[in-house]
Amino acid sequence: MKQVLTVSCKIQVSPEQSIKIDATLQSFASACEYVNQTVPTTLTNELAMQSLVYYDVRDRFGLSAQLAIHAIRRVSGNRKTAKKDGKPVKNFAPTSVTYDPRIFSFREKDWTVSLTTTSGRERFKLAIGNYQIGLLKGQTPKTATLVKRKDGTYYLNIQLESMPPEPIKTDSVLGCDLGRTDIVVTSEGDKFSGKEITKVRNHYAKLRANLQQKATRGSRCTRRRCRELLKRLSGKEKRFQVLVNHTISHRLISRAKLSNQAIGLEDLTGIREHTNQQPRSKKERRLSNSWAFYQLRQFLVYKAIKHGVKILFVDPRYTSQTCHNCNHIHPVRGESYRSGKTFKCGHCGWRGDADLNGSKNIAALGVFVNKPEGSRLFCNIADHLRAIESPHCTCTQGSVG
Ligand SMILES: [Zn+2]
């Protein structure tokens, strides 16, 4: 299975070049907008769309052949996802353009890239650190996306394809239970506490509440200033969460690799579709709706593939209810041996951390589904990947990889 790694590189842009890039971004967005409005809304096939508007798009927006094709492709792609989600296609903002080998090239000898704009080809120096240099060395990237960030800086997100190592064969599984009080508890009893994170979160929540109040009540100038601060705050909180998720997933994968284990996770992919048939537990609801957990799972999956660690997904239905020691579930429907963070088995008397119990169940189920004959409990990794899109990682400067 191929894995795509996105390397985010800041590019140095002179004032004259920035005019050219902005014009290209604008033309690209206008072209998308035009395609979306001109082509009948039911049409999503890229080639069919191309045959209708290609020459029109090239004439009107001064785009090169490839850029015109990418604009049409983007509308087609957005329409397909919009159709799947049942939402209309959003407006196209002049913030990004897609590049392929015909309109983009990377030169390692002076760390530059050349990009086609609406007024010809331009060369840009990459302003990157050792991390990006290490990743790009010896590579011939085929695709990239030019992005203008909110602060006016330009980045080129370069996509690198690699063939990850074959996963290590093993019978041992490290079960990982994702929660909130503890973000992760492993079947070996290691914990990644959520305490510090909750503290930081509460701190931000307080700040936000305070600012929101001022943003509605203060003088006009204060209101504007507060709105700006709020925006900055949300970015800060997000970056903090990304760092935490990178760190945790990195440690878990390293641990599994060192001790030659597979990683066991609860399979939460089907949960959204099941909502109407089965009552969902509080935990399932929280985990499937929270982007932070979603991201942690994504990071775990892509890092596992990268390092040749096998990931096993197990049926989550009974992982929190069953006693890992004697495999008993509370006999009364609706009752549970679990109460909050503690689990107290009424059959064998085992007592301990509920998440530890969960992770031990995940590990046990993982061993079971790892058997060559397989089982119904096994969730195909390919299905899972499709469900959570491709395991992309955007490693920006300064973040951990
Ligand atoms: Zn028991």
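Biologist: What kind of crossing does α5 make with α6?

Modeller: In this predicted model, α5 passes α6 in a left-handed crossing.

Biologist: Why is α5 called roughly antiparallel to α6?

Modeller: Helix α5 (residues 195-217) packs against helix α6 (residues 220-258) at an angle of about 165°, and their axes are 9 Å apart. Angles over 145 degrees count as roughly antiparallel, so α5 is roughly antiparallel to α6.

Biologist: Which residues of α5 and α6 meet?

Modeller: Among them are Ile197, Val200, Tyr204 and Leu207 in α5, and Leu229, Leu230, Leu233 and Phe240 in α6. The residues of this contact divide into 12 nonpolar, 2 polar and 5 charged.

Biologist: What makes Ile128 count as buried?

Modeller: Ile128 has 20 C-beta neighbours inside 10 Å. A residue is buried if 20 or more other C-beta atoms lie within 10 Å of its own, so Ile128 counts as buried. Ile128 sits in the loop between β5 (120-127) and α4 (130-136). Leaving aside neighbours within four places in sequence, Ile128 is in contact with Cys9, Lys10, Trp111 and Ile133. The C-alpha atoms of Ile128 and Lys10 are separated by 6.4 Å, although the two residues are 118 residues apart along the chain.

Biologist: Why do β13 and β15 stand at the edges of their sheet?

Modeller: The open sheet has 3 strands in the order β13-β14-β15, with antiparallel pairing. β13 (338-339) and β15 (351-353) each have a single partner strand, so one side of each is left without a neighbour in the sheet.

Biologist: How do you know that β13 and β14 pair?

Modeller: Pairing needs at least two bridges, and β13 and β14 (residues 342-344) have 2 bridges in the antiparallel sense. Arg338 has Phe343 in β14 as its bridge partner.

Key
Residues are numbered from 1 along each chain as its sequence is written. This is a predicted model: local features need pLDDT of at least 70, side-chain atom pairs count only at pLDDT 80 or more; totals for chains, interfaces and linings use all residues. Axes are lines fitted to C-alpha atoms, for helices over the stretch in contact, and angles run from 0 to 180 degrees between N-to-C directions. Helices (H or I, at least four residues) and strands (E, at least two) are DSSP runs, numbered from the N terminus. Angles under 35 degrees count as roughly parallel, over 145 as roughly antiparallel, 65 to 115 as roughly perpendicular and the rest as oblique. A crossing is left-handed if the near helix is turned anticlockwise from the far one by less than a right angle, and right-handed if clockwise. Two residues are in contact if their C-beta atoms, placed from the backbone, lie within 7 Å. Ala, Val, Leu, Ile, Met, Phe, Trp, Tyr, Cys and Pro count as nonpolar, Asp, Glu, Lys and Arg as charged, and the others, Gly among them, as polar. A residue is buried if 20 or more other C-beta atoms lie within 10 Å of its own, exposed if 12 or fewer, and partly exposed in between; C-beta atoms are placed from the backbone.
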